[in-house]
Amino acid sequence: MKGNEERLAALGRELAFGEWANRAAAERVFVWRFFFAGGELPGWRLHRAYRMPAAGGLPPGVQAVWTRDDGALLQVDAFEAPSAAEARQALLQIAGEHQAVGAVSRAPDGVGEVAVAGPRETTLALVRGNLVLQVRNAGGSRETVRPYARQLDALVAGDAEALKRASVTVRRTEVPRDQLDAVARRVRAASDQAPDQAWFRFRTTTGEVVLQDGRPVFRAGAGGESAAAGPVILEAVRPAATGATGLDLGGLGLEP
Amino acid sequence: MSLSLEAIKFNHDPSGASADALNIRRNATETVPVPEWRAGVSVNPEDSPAAYSIEDTRGHTLTIQANFRLTDPAVSTLEIRAVDPVVDPPGPPGCSGWIWKLVRALIRAISGNVLGEVKARHVIFGGNGVSGFQTFELQNARLWEVGVGARTTTWTWQYRAGRGAWTDFATTTHRIYSVLNVPPAPWSQQPYVNLNTSLPWTEVLDHACAWASLTRDADGAAAAITRRVYGLGPSVITYDCQGGGSTHYALGGFNCSAFLERLHGGPGLGEFVNCTDCATILGTFANAVGCDLWQSRMGNSFELNPMLGIGSTLWEPCCLSSGFGWSGSFSYHEVAWKGACGVDDAVFDACLKVDGDPDPTAAPHSPLLPVDLRFGNPGEGTYRDRLATPTGRANCNPLPATQQRRAVY
């Protein structure tokens, strides 16, 4: 965000941003067209989700409010950055959106690839691949949000137990890297026709998938991996709550 | 003979704002279709909304367009007009009569007809009995006398043939918003298409016009809205002590839809706000009624004088005793700011009250909501001195490069 460079630079030093800004995870996850369907946080009810346009230097995403029977509110912001590096930059910017001096610190490992937390972990923001998730109490509770952040992170990462808990089904296919562009075009067309029925996850162990001109493309790493270096795993994640009936991914190996 | 009113257009020229209504929409997802009033569709005033810029229409004759249907083929021309059916009854004599008149005048200023009457003109009907949209001038409009507001205009439509008596044939009601100027960013007038969510929202105008009701200039309107936004605490919103003062509603863009839901009693994005949220709410709602405010920051990392954060009744450097690790400093602060958002420009701060007495660093405290208060230099006793401690003031500097008007969604 323009004009905040000096403050964010200082915050970056406090959070050792240089150490994790470009540190690649062993498995690179790229999440595309993420949304909340309602089953992601057991015990909570999805009240409403808003599509956030890209603005103020932050990528687009979804902003959701969850309610609980005891009156507690939970706010979850999910930003979908074009790449993992830009997600980490967005995490720093989000950390900078706290007025209290020293409010944010690096969260202990165990949630996200990297995470920062506010006082007593009543707010927690993490990065998983290109996705930034921020979980915050929004009223009626002063509890730590770490358990909820972990649940969402596990879901995004594809943890089997988390997927089961959230009642989502995952269909997986291997896409040769030289065919990724064609497959991504087909997935985009199908998803445009039936939005918010499935979100998509790409996994690679070398190079990475990034968003370019509105669709995922493979970008070789510094090693310049060849097409023979292995396929990209593409997964369609379908929350049961959507009833997902209109999404036509025929022929891609992603059918239910 | 049967004459019916089919439709009325208030915004009949989307490219202009001097003689007709502004381009508006209801909210992020719903538009305001033109014609705004349609027979059988528009029942209540809010079904037929229109907004006018007081400054842009000043000195111009307002016009509307209306379409009629006539079932008598023997009649080809009628004279048509619309009058205000509200007639002030005569009050009691003497002193109480004057009070009565004042009360009536106040009620009309707050809620009454500001568009006056539809001036009579002859309308020619085609062979199919339809007039097509005909332009009518408005007369006796009071738009320029009553200031900002959201009011109801009721018209009784009448016709006559030749020099005969007028006959009533329709009554219409309309929600008329009067704003000071064409709303600047984040609002826009163009492109006038359904996808443009930055056309002024009537759901925002409902609140902003009520908050700034009867004000006649930008500073007065911004001050009134500052008071009302701050007054939302603690029942609607409150400062985010537990989250370290994080931005909830204005993270990137402004989730105005969620804030409106909160105003209407729903969860919205919850109760917590910080300075960025307050500056954005204030700037967005004030600009909807024609103010010209920025959201801009000051910083970095400065110690605070005792204050009353929104929703709090405890004088202390922000959240110091909350138990959530506050040190009595802001890493940054954001307000609604005029002009170039610099030292000499005035701020409106809906997030906190400062101490307005000669010594803002210590008790006793005299609560002062910063409205149209010059930012100033250290030692001048203006906003900067009231917000920051004597040692903190050097680090509390305007950051005009941060000025923006967050897009609404």
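This is a predicted model: local features need pLDDT of at least 70, side-chain atom pairs count only at pLDDT 80 or more; totals for chains, interfaces and linings use all residues.
**Chain A, domains**

I began with how far apart the two domain centres of chain A sit: 22 Å, taken over C-alpha atoms. The assignment gives domain 1 as 5–159 and domain 2 as 168–242; such bounds come from an automatic or database domain assignment. Residues are numbered from 1 along each chain as its sequence is written, and chains are lettered from A and ligands numbered from 1 in the order in which they are written.

I found 17 residues of domain 1 of chain A in contact with 20 residues of domain 2 of chain A. On the domain 1 side, strand β1 (residues 28–32) of chain A gives the most, with five residues. Elements here are DSSP runs numbered from the N terminus: helices are H or I with at least four residues, strands are E with at least two. By class, that side of domain 1 of chain A has 10 nonpolar, four polar and three charged residues. For the classes, Ala, Val, Leu, Ile, Met, Phe, Trp, Tyr, Cys and Pro count as nonpolar, Asp, Glu, Lys and Arg as charged, and the others, Gly among them, as polar.

**Chain A, sheet and a loop**

I traced an open sheet of seven strands in chain A, in the order β2-β3-β4-β8-β7-β6-β5, with antiparallel pairing. Two strands pair if DSSP finds at least two bridges between them. β2 (45–52) and β5 (105–106) of chain A are the edge strands, each pairing on one side only. Inside the sheet I checked β7 (residues 123–128) against β8 (residues 131–139) of chain A: six bridges, antiparallel. A:Leu126 faces A:Leu133 in β8(A).

Then I went to A:Gly214, in the loop between β11 (208–212) and β12 (215–219) of chain A. Is A:Gly214 buried or exposed? A:Gly214 is exposed, because I get 8 C-beta neighbours inside 10 Å. The cut-offs: 20 or more other C-beta atoms within 10 Å of a residue's own means buried, 12 or fewer exposed, in between partly exposed, with C-beta atoms placed from the backbone. From A:Gly214 to A:Ala184 I read 10.0 Å, C-alpha to C-alpha, at 30 residues apart in sequence.

**Chain B, overall**

Chain B has eight helices and 19 strands. I boxed its C-alpha atoms along the principal axes and got roughly 85 × 55 × 35 Å. Of the 409 residues in chain B, 51% are buried. Among contacts in chain B with a separation of 6 or more, 75% come from residues 24 or more positions apart.

Domains again: chain B is assigned domain 1 (3–179) and domain 2 (217–404), and their C-alpha centres lie 41 Å apart. That contact takes five residues from domain 1 of chain B and four residues from domain 2 of chain B. The domain 1 side has three nonpolar, two polar and no charged residues.

**Chain B, strands and a helix**

Which way do β3 (residues 49–53) and β9 (residues 167–179) of chain B pair? They pair in the parallel sense, over five bridges. B:Tyr177 in β9(B) is the bridge partner of B:Ala51, and B:Ala150 also stands opposite B:Tyr177. β8 (residues 149–160) of chain B joins β9(B) through 11 bridges, antiparallel. In the β8(B)–β9(B) hairpin, with six residues between the strands, I noted B:Gly162 at a positive phi near 60°.

I also checked the length of helix α5 (residues 218–230) of chain B. Its 13 residues should span 18 Å at 1.5 Å a residue, and the end C-alpha atoms are 18 Å apart, so the two agree. The expected span is 1.5 Å times one less than the number of residues. Buried residues in α5(B) include B:Ala218, B:Ile225 and B:Tyr230. The buried residues of α5(B) pack against α4 (202–211), α7 and β15 (346–348) of chain B.

**Between the chains**

Last, the A–B contact: 40 residues from chain B and 36 residues from chain A. On the chain B side, β14(B) supplies the largest share, five residues. By class, that side has 14 nonpolar, 23 polar and three charged residues.

Methods: Two residues are in contact if their C-beta atoms, placed from the backbone, lie within 7 Å.
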